[in-house]
Structures are given as C-alpha cells and as structure tokens.
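Trainee: Hi! Could you walk me through this structure? I'm new to it.
Mentor: Happy to, let's bring it up.

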Amino acid sequence: MGKEYSLQELEKRILRCNRCGTCQDVCPTYRITGNENDVARSRVRLARLVLEGKYQWGEEEQLTANLNACLLCKACVAVCPANVPTDEIVMEARKYTQQRKGLPPFNRIAYRGVFSHNKRLALLTRVIRMYQKSGMNRVVQRSGFLKLLKDWGKAEDLLPPMPAQSLGQMLPDLLRPPASTTLRVVFFAGCAINFFYSRIGAASIRVLQANACQVAVPEVGCCGGPHQSGGDFSEAMRLAKGNIDRVLAQRPDVIVSDCATCSSVLKEYAALLGNDAEYGPRSAEFSAKVRDINELIVEKGWLRDLAPLAGRVSYHDPCHLARGQGITAAPRTILRSIPGLEMVEMREADMCCGGAGSYGALHPDMSRRILDRKMGNFKGTGATILATSCPSCAMQLEYGIRRHGLTASVMHPMELLALSCEKGRAPGAAAQTSGER
Amino acid sequence: MLSPHVQRELTRIFGEDDVLTSPISCEAYAYDSSPFFAQPEAVVLADSTEEIGQLMELATRHGIVVIARGAGTNLSGGCVPTHGGIVVAMSRMDRILEIDPVNETAWVEPGVTNMALQEAVAAHGYMFAPDPASLKVATIGGNVAECAGGMRGVKFGVTRDHLLALEVVMSDGEVVMLGEGGKYLPGIDVTGLFCGSEGTFGIITKIKVKLTPLAEAVRTMMAVFDSLDKAGDTVSAIIAKGIIPTTLEIMDQVLVRAVDDFLQLGLPREAEAILLIEVDGFAVEVDRQCETIVAICTRLGATRVSRANSEEERKNLWLARRSGNGALGRIKAAYMVQDVTVPRYKLPGMLRLVADIASKYGIVIAQMAHAGDGNLHPHLLYDPYDPDEKQRVEEAAKEIFHAALEEGGTLTGEHGIGIEKLDYMPWAFSQDDLEFMLLVKRALDPQMLLNRGKVLSFAMEES
C-alpha cells in the first residue's frame, strides 16, 4: 500500500513475476479453495494480460471479480523471490477499473460517503447502536429480510456491538496530563477505534499516560486505507493532506495508532504524497514520526509495575502489522511481560483472518472460510483470550467467536496491559482479564 | 469449445462450482512456470478417484484431451494445454492417507505438496528423499509424473528410486493398482513406466512412496570462489575423493546476487561462484567428511569456506538456493531453464561451455547446478517483448542441448521433456527408440488423449 505507479512502473513490477508458484504456499484464498483463480500469480497474470491488450479493465466481470477477491494481505509479497508487489498491483488494477467503470456502489457509499466524513460515521454508529440495543436486530433477523439483501444482508452479523460512547466522547474524562512528560504524542484515533472500539482506544491512551506520554487526540479524518485498497487514490490523498495538517499542528514528537491499518497507511503518506510539491516534505516529516503503539511502547520501555492477570492468551498477527510494518515481536513481548498471563502460539498466527477491512462484507463466503481456518487454529491453543492489534481483525475475530460458539474474548494488547498496569497500581481492585466491555 | 452435452456431464460429475469454462477462469490454468501458454477448454477441480474415472470415460467417449495438473510449477511446459481439452486440477486431493514407519512407506494423494509430506514424516524421523527446489508447493503427483529430483539427488537419487506403488486411472476410465507388493515386486515394473511419463500414460490418483530415515547429523558449508572454473573443478575433486555429499550445489554470480537481493543474507556478491555443500550421517563421520571437503576446497582455490553455525543459517542457505528461479524475475521477465545432465567428471567443462555460449550469443545465462550429479541448470534470461533476444536465447539453448548430448549426457535430469525439448528428442534418441516409446503410449492410451503432444510430438503420434 502507499503509492500510485505510472503505467511503466506497473508493467515493470508485473513482469517480475515469472510464475514460479511460490505464492501458492501462503495465499489464503488459494489455500481455502485450491482453485488457481484465487492465487496471487494468477491475479498478476490477469493484470499482465490487460496490459498486453488481451482484455480491458472492467470489461470482463470475472476478471474484475478475481482481482477484487484479493485480501491485500501481502503474504505472497513476503515470500516472493522476485518481490512482486501483488497487493499494489491489485490496487492499481482496481484504480484503472473504476476509472473506466466508476466507483463500485460499496466504495461510493461506504468509503466516500461515510468513512470520508466523521459526522456521518458518528451518526451511523448511533443508528446501529439503537438498532442493536432496541432488540430490533433480532426482529429483523427473524423476519428473513436480511436474506433478501443476499451478501449485503450477511454483513449484519459482522458488526460488533456498538459502544455507548465514541472515543471522542470519552476524551474529557480520559485525558490526564502525566506528572512528568517524556514525549508529546498525538494519538491518531482511526475510524474503527473511535466509533466501534472506543474501549481499545481508551486503553491505549491510559497506557500512554501511565508511561509518561502527554497525549493529544486531535480530530482527524479516515487514514484513507479503505479508499486506497479500493483503488481510490485521489480521495486517499485528499484525506492524507487533511490529516497531515491537523496532526502536525500539534507539534508531536511521535504519532501513534493502535490500529495496524492506520499506522501502516500513515507510515506511507510519504510515499503517497512524495511527488506533491506542497505536501512532499511535510508528508515525509509526518511519516517518519508514525509508530504502531506496540512498537512505541517497546521502543521507549514501559512500567513493569504490573499485577498478574489469569488466563491463556494467543496472538493473531494483523497483516498490516506483521507484513505491512514488519512488527511481530513487539506485541508478543508486551503480552509476555504481563505476569500470570500464559502466552501460547497458534498455528498460522500470521495468516490473514479474512476480515481485511470490508472484505468480510463484500466476499462473505470466502471471508468466512478463511475465518473458520483461523478459529480452528485458535481453538487448538485452548486459550480464552485472542489478542490482536487491529480493530478490523478484532471485528472479524469477535464474529468468529460468536459463529463458533466460543467463550473467548478478543482483546488488544493495550487493553491487557492497561488492565494489568491499573490493577498493579490499585491494590485490592478486582480486575478480570476477560469480560471487560 | 466443449459441446453443451459434455459441459453438462462435467457438471454432473464434478458439481457446478468445480467446473470452470469461462475464458478468464481458464487463464489461471493456461500456464506453468515455463514460458509457454495455451488455454484449456475447461478446468475441473477433482476430489476423488471416482470423479476422475468418470471423467476419463467421458473423455474416451468423446475423444477429448485431458491434462492432469498439480501445482503447475513445471519448467518444461508439461501441463500447458497446447491441444486444448480439459485440465484436471489435483490440488484438492491433498490428503496423506497413511504413514507406516515400520515398513518405511507412506500413501498419499497426488495433490499433497512435497513439503507437507516432508513435515508429516519428519515427525516420525523420516524424509521423502526427492526435494525439488519448488518443494513448498510442488505436489507428489507432479514429482512422480516428472520424475523430480532435487538437491539430495546426488546421494539419494530421483523420484523413481523412491516410488513403490500407484493407483492410476487409465485413459478409458479403468482404475488400476500398480506395484502393491512394495519393495519386492515380482513381474514387470509397470509402476516404473508411469514415473516420468509426464501424465501421458494415465492419471495418478494415489501414490505409495518409500521413506528414508533422517540422518543423525547434518553439516552445511558454503565455499566461495573467484572463478566458475575453480568451483567446477572442486566438485570433481570432491567426488573423485569418494565422498558423496547429500547435496553439492553450484550457483554463479548472477544467481547469488539475485537471491541476495531478495533475502538480504549478506551472501558473497563478489564471488564468481559458490558451492553449497551438505553432508549427513553419524556425527563422527560428518565432521571428518567436512574436514576433507574444506581441505579440498581450499587446495583448489576457494577464497573462503564457512560452515552454517545454526539451523537458521542452514535454512537460510537452502532458502537462497530454492529461491533461485523466482528471484531471476528481478533481472529479466522471462527465462528458459534447462536441466541437461553430463557425466559428473565432465561438469567443469560443461559449465565453461555454457558460459562461452552466453558470450557468443550476447545473452545472460545464470548458472546453477546439482553439481554433484552433473545436472546443470542454465537459466537463459530474456525479455519476452524482444523477439531478437528471444531468438538468440533459442539458438543458444539448441547449442547447449547439442553439447550435452555430445558429451554423453541427456536432455533432462528432472524437469521433463514437456513442450520445450520436443524438437530435440530425435537428437537424443534414434527413430527406433522413439517408435518403441510410441508403441507403449499407444498400448496405454490408444486415442492419445492424455496430455497430448508432450514428450512425443503429436505429429509423430498421428502418423
């Protein structure tokens, strides 16, 4: 993810694929279906056939569908001996497709229509919460109305319970200048954290403050990740510029996010806007300051005055953290530092969970089959806590836990660290490792 | 185009979701890792022997060509459907059916990857000796069909030497079991016929392989040379000393640099060639062998010999070797990789000859070789959009084939004839030899339905 290519640059990257087939070993969609239409080298091959003039972007429905079925998980990129950036090639393909065919309805409505505008997203969250709280969801589910919506109806299951307050609403109670400050931190509250998982955002802010960070949470727009993955680079650039202005105005030492997708996208603003006369240098300054929260905590060190938490935890690597940023050790180091918590690795911990942003809503069947494999691997550990560092993964994994009838809870490493840390400083206070909602 | 009746029958046999007929979905099965392309008329994703039996009955009734496909990692065009027809993908038949440590055997379905088998049997202290570079994805079915070799070939031989029994669907749909007696097989070795037949005799649906105990100790070394010649001579000297390493691989500078770009291992980028050498056996034995090998390398001019000090270092060295093919995509978009073999002692001369051919035609040839086996892997790199360069590569390829045969070698060690080497079959074999092969083919597949036009040219089949 990160930047647009010229057609020549795109062709050069596509031609690097000599179809050796190594991607079959890791491509989640291929591992699930065993159909070579669902493997990276075949997606790259289709892009090449378009460049060679055999097909046109958007003209063949199935060609578009095959390219849209890519999760952009980068698993193939990590093992490709020729470093073919299949994820970037697919995003470019989506861009050209929509240049000819216009934005698909989902991208137009959900991304440009809602995620680009905080107020609309806030409103939508409230409406969904009302729908879930009123019991109307159960009425609608029983009515069979969702079945009429086909795949779109299936998206309803995916939604986590909406929190009573967004992170923005929680801030007045949350922000406490620490006694001594070592770092000025801007906490980038991504859409999913702000509206769906404010509990994670709150935990992250508490951990930062407990570790001598002065935290500011300016109002920001969507990082632009969803837009880019749909190939909508122009909107992604507009959003990036707005975020750079708002965040840099705070003069932070560090820009941190607890959403793997946000931090990976923010780190690549420099590449996205590299050629922009006005924003080029500022985007470089911005991106250089961005850290994933696990990365930052491990880099600066954290208070080890931690109380034991009981339970067994297993960690799922988000694609945007493991491969997007090469961060796999930091969250594990943090989890292992919590006394009492037993850390068990699951098989294929770094295989995509099938969530992939809106993938679960747009490709419900494939997404669920990938999720089932992930849940099978999780069950094998006997853990009761499934930790992950990305709200989009959390949403999918919570759905998986409901779908498989498990009693485990999904938690961000920062939630566990905050719990352990606060319990440690308030002796006698009963804290539970699971069930804090 | 398949008739609507045949399409309906395919749907009946395999189910609607497992029959692909649209041009776009067929594109994914129009290629392998070689530079050849051709669209099939349909693709079916098989789940069972019964389905394949019914498919072959249907194909025989209607005279339709059928091509079995594993992971599609062939390097000679073996599973490219040049004569159209139906590709049957074996990727879903990927169960390990039985591991029998007492008898040192395993039964597997053809879609099991070589790596999956290695991992499963390693738990019992065994390995499956053939280990092609593509082992992470290449399937056992493909290994048998192509008679795959690998790095351990120098010590353990090729797939043929580790194959015990097969279940095969014949061209008319009959399901037969071959060689069930295991190691001690009376009668004619019909099983052996299918190994390396490139899917032209039948469709393999179950495979019984021989397992090899894992050695107690392994030592891995890398020797660095400032000339390809010296590295080649060292290979001959090691073999002449009576040492048979588990692997003895050579990589030239082009390849070392390409894989180092990928893996960033700090490989010796200035070296003209490196040797990767592994010995296995009992701990006392391997250390002595190591010393002898280090002494030979040093005597013949290695600038450095280093040992892998940890399992991770060892794994990285082999990952580097296995990534060779793919990594070359960094240099040029296409390559033709040959796997000519020559008698071991002629390896140094042949490496030199290939280098001379490269400069004669002004092309880049990246060389690696299962050196201990005399099995060369010259990668002739080219730009697919440059017809002139492609032409020169083809000329050079011809010259290499010719030279290998002149030296008493063969066209292929492990990649098969496929499409790539069809034209050279008459150089390697007499008319009588070819006609005898055709006789066998006709006996097993009278309508020439199975992987038509591979190994033996279709023009010849027709006559």
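Mentor: What follows is a short tour of a predicted model, from chain A as a whole to a pair of strands.

Trainee: Great. How many helices and strands does chain A have?
Mentor: Chain A holds 26 helices and eight strands. Its radius of gyration is 21 Å, close to the 22 Å that the globule rule gives for 437 residues, so chain A is as compact as a globular protein of that length.

Trainee: And what box do its C-alpha atoms fill?
Mentor: Along the principal axes, the C-alpha atoms of chain A fill roughly 70 × 55 × 40 Å.

Trainee: What share of the residues is buried?
Mentor: In chain A, 54% of the 437 residues count as buried. Here is another figure on how the chain folds: among contacts with a separation of 6 or more, 78% are between residues 24 or more positions apart.

Trainee: Okay, domains next. Where do they lie in chain A?
Mentor: Domain 1 of chain A covers 7–101, and domain 2 covers 303–425. Their centres, taken over C-alpha atoms, are separated by 29 Å.

Trainee: How many residues does each one put into their contact?
Mentor: Domain 1 of chain A gives 11 residues and domain 2 of chain A gives 12. On the domain 1 side, the elements giving two or more residues are α2 (28–33) and α5 (75–79) of chain A. By class, that side has nine nonpolar residues, one polar and one charged.

Trainee: Switching topic: what about the contact with chain B?
Mentor: That contact takes 26 residues from chain A and 28 residues from chain B. On the chain A side, α3 (40–51) and α4 (61–68) are the elements that give two or more residues. The largest share, four residues, comes from α3(A).

Trainee: And which classes are on that side?
Mentor: The side of chain A that touches chain B has nine nonpolar, 11 polar and six charged residues.

Trainee: Last one, the strands. How do β1 and β2 of chain A run, parallel or antiparallel?
Mentor: Strand β1 (residues 183–187) of chain A and β2(A) run parallel, joined by four bridges. In that pairing, R184(A) stands opposite Q214(A) in β2(A).

Trainee: Which residues of β2 are on its covered face?
Mentor: In strand β2 (residues 213–216) of chain A, C213(A) and V215(A) form the covered face, while Q214(A) and A216(A) form the uncovered one. In a regular strand, side chains alternate between the two faces of the sheet.

Methods:
Residues are numbered from 1 along each chain as its sequence is written. Chains are lettered from A and ligands numbered from 1 in the order in which they are written. This is a predicted model: local features need pLDDT of at least 70, side-chain atom pairs count only at pLDDT 80 or more; totals for chains, interfaces and linings use all residues. The radius of gyration is taken over C-alpha atoms; the globule rule is 2.2 Å times the number of residues to the power 0.38. A residue is buried if 20 or more other C-beta atoms lie within 10 Å of its own, exposed if 12 or fewer, and partly exposed in between; C-beta atoms are placed from the backbone. Two residues are in contact if their C-beta atoms, placed from the backbone, lie within 7 Å. Ala, Val, Leu, Ile, Met, Phe, Trp, Tyr, Cys and Pro count as nonpolar, Asp, Glu, Lys and Arg as charged, and the others, Gly among them, as polar. Domain bounds come from an automatic or database domain assignment. Two strands pair if DSSP finds at least two bridges between them.
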